[in-house]
Amino acid sequence: MKKKAFLIALAMATLFVAAGIYAATTAPDVIELNQPAYKHKKGIISFSHKKHAEEYKATCGDCHHDAEGKPRADLKDGDDVKGCFECHNKPGELKGKKAKGLSDKEKRAYHANALHDNCKGCHKDYNKKNKTKAAPTTCTKCHPKK
Ligand code: HEC
Ligand code: HEC
Ligand code: HEC
Ligand code: HEC
């Protein structure tokens with residue numbers, strides 16, 4: 001009986017990980033942003049989650065939001081967090097001709113568009129406001145060479 005319960009728990013844990021749902025977790029200090037649902041053309045970013053939340057004073061709700069897109073301002077360690085791909089679930093980036101005529105929301109259905117809007121958006125605002133270039137906005141400053 002015990003073994004069966006364990007197996008069920010294991011199966012469920014596997015399911016959650018596969019779906020990109022992190023149940024009651026503390027985020028690691030550094031996250032490899034390597035969304036497994038598609039093939040990557042660019043170098044994988046080691047994202048310093050901890051530095052962003054602590055040193056760079058970004059709030060959880062600056063990056064995490066609910067199913068309506070409303071910032072999860074009161075998020076804290078231990079709460080459930082869904083991976084971005086759960087909702088922005090089209091693989092890769094859509095731009096140029098292919099993105100023509102689409103609304104920002106339609107473009108953000110693509111995973112990399114949503115990430116770029118979030119990461120670059122804040123970085124651009126931050127640099128402008130503080131007259132600096134500390135926050136990376138060019139491809140190779142974020143994506144290391146492959
Ligand atoms: C600058 C953006 C940003 C900020 C600020 C931020 N996060 Fe995250 N967080 C992310 C990204 C990106 C991921 C990876 C999501 C994915 O895998 O799709 C993530 C993942 C997570 C995960 C899942 C980690 C795992 O691998 O198990 C948790 C839990 C989490 N964040 C909690 C928090 C909490 C709590 C705060 C506030 C203290 C916070 N985050 C602040 C961007 C951010
Ligand atoms: C539970 C579903 C869900 C998850 C998980 C999710 N999003 Fe969203 N996101 C939405 C919805 C809905 C909107 C509103 C529609 C729109 O503007 O694209 C939105 C809007 C956005 C926007 C535009 C609004 C803004 O705040 O500027 C960005 C950028 C974005 N998401 C990035 C991310 C990133 C990065 C992650 C992972 C850390 C993430 N999303 C996780 C559903 C989700
Ligand atoms: C709410 C604002 C905000 C968001 C959102 C944000 N960043 Fe940043 N990030 C910063 C600031 C501010 C700095 C520069 C701090 C400094 O060095 O003065 C920075 C610096 C960085 C750096 C260079 C320094 C380091 O820690 O490695 C990288 C790489 C980076 N961000 C990646 C990302 C990625 C990837 C995302 C999206 C998943 C992201 N950032 C989202 C605010 C943000
Ligand atoms: C602020 C950091 C940042 C900058 C600057 C940036 N990216 Fe990204 N990019 C990301 C993140 C984060 C992802 C999502 C990676 C993941 O979660 O797997 C991504 C994903 C991608 C993807 C889809 C995944 C892949 O490797 O094929 C492409 C293509 C891409 N970026 C191209 C670019 C290009 C071209 C530029 C310059 C015009 C650029 N990026 C600038 C952060 C950045």
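Modeller: A residue is near a molecule or strand if one of its heavy atoms lies within 4 Å of it. The model is predicted, with local features needing pLDDT of at least 70 and side-chain atom pairs pLDDT 80 or more, while totals for chains, interfaces and linings use all residues. Residues are numbered from 1 along each chain, chains are lettered from A and ligands numbered from 1 as written, and side-chain values use heavy atoms without hydrogens or water.

Colleague: Which residues come nearest to ligand 2?

Modeller: The shell around ligand 2 draws its largest share, four residues, from helix H5 (helices are DSSP runs of at least four residues, strands of at least two). Of the 18 residues around ligand 2, the nearest are His65, Cys84, Cys87, His88 and Arg108.

Colleague: How far is the side chain of Arg108 from an oxygen atom of ligand 2?

Modeller: Here I look at polar contacts, pairs of N or O atoms within 3.5 Å. For the nitrogen atoms of ligand 2, a polar side-chain atom of His65 lies 2.7 Å from one, and an N or O atom in the side chain of His88 is 2.8 Å from one. For an oxygen atom of ligand 2, the distance to an N or O atom in the side chain of Arg108 is 2.8 Å.

Colleague: What is the arrangement of the six donor atoms around the iron atom of ligand 3?

Modeller: Donors are N, O and S atoms within 2.8 Å of the metal (3.2 Å for Na, K and Ca), and those from the protein are NE2 of His52 and NE2 of His123, lying 2.0 Å from the iron atom of ligand 3. Since His52 lies in helix H2 and His123 in helix H5 (residues 111-130), the pair ties together parts 71 residues apart in sequence. Six donors count as octahedral if opposite ones are over 155 degrees apart and all others between 65 and 115. The six donor atoms here subtend angles of 86 to 180°, so the arrangement is octahedral.

Colleague: Is His123 buried or exposed?

Modeller: Buried means under 20% relative accessible area, exposed over 50% and partly exposed in between, with a 1.4 Å probe and protein chains only. Because its relative accessible area is 13%, His123 is buried.

Colleague: Which residues coordinate the iron atom of ligand 1?

Modeller: With angles of 86 to 179° among six donor atoms, the site of the iron atom of ligand 1 is octahedral. At 22% relative accessibility His49 is partly exposed, and at 24% His64 is partly exposed. The coordinating atoms, at 2.0 Å, are NE2 of His49 and NE2 of His64.

Key: Tetrahedral: all angles 85-135°; square planar, octahedral: opposite > 155°, others 65-115°. Polar contact = N/O pair within 3.5 Å; in protein donor to acceptor, adjacent residues only side chain to side chain.
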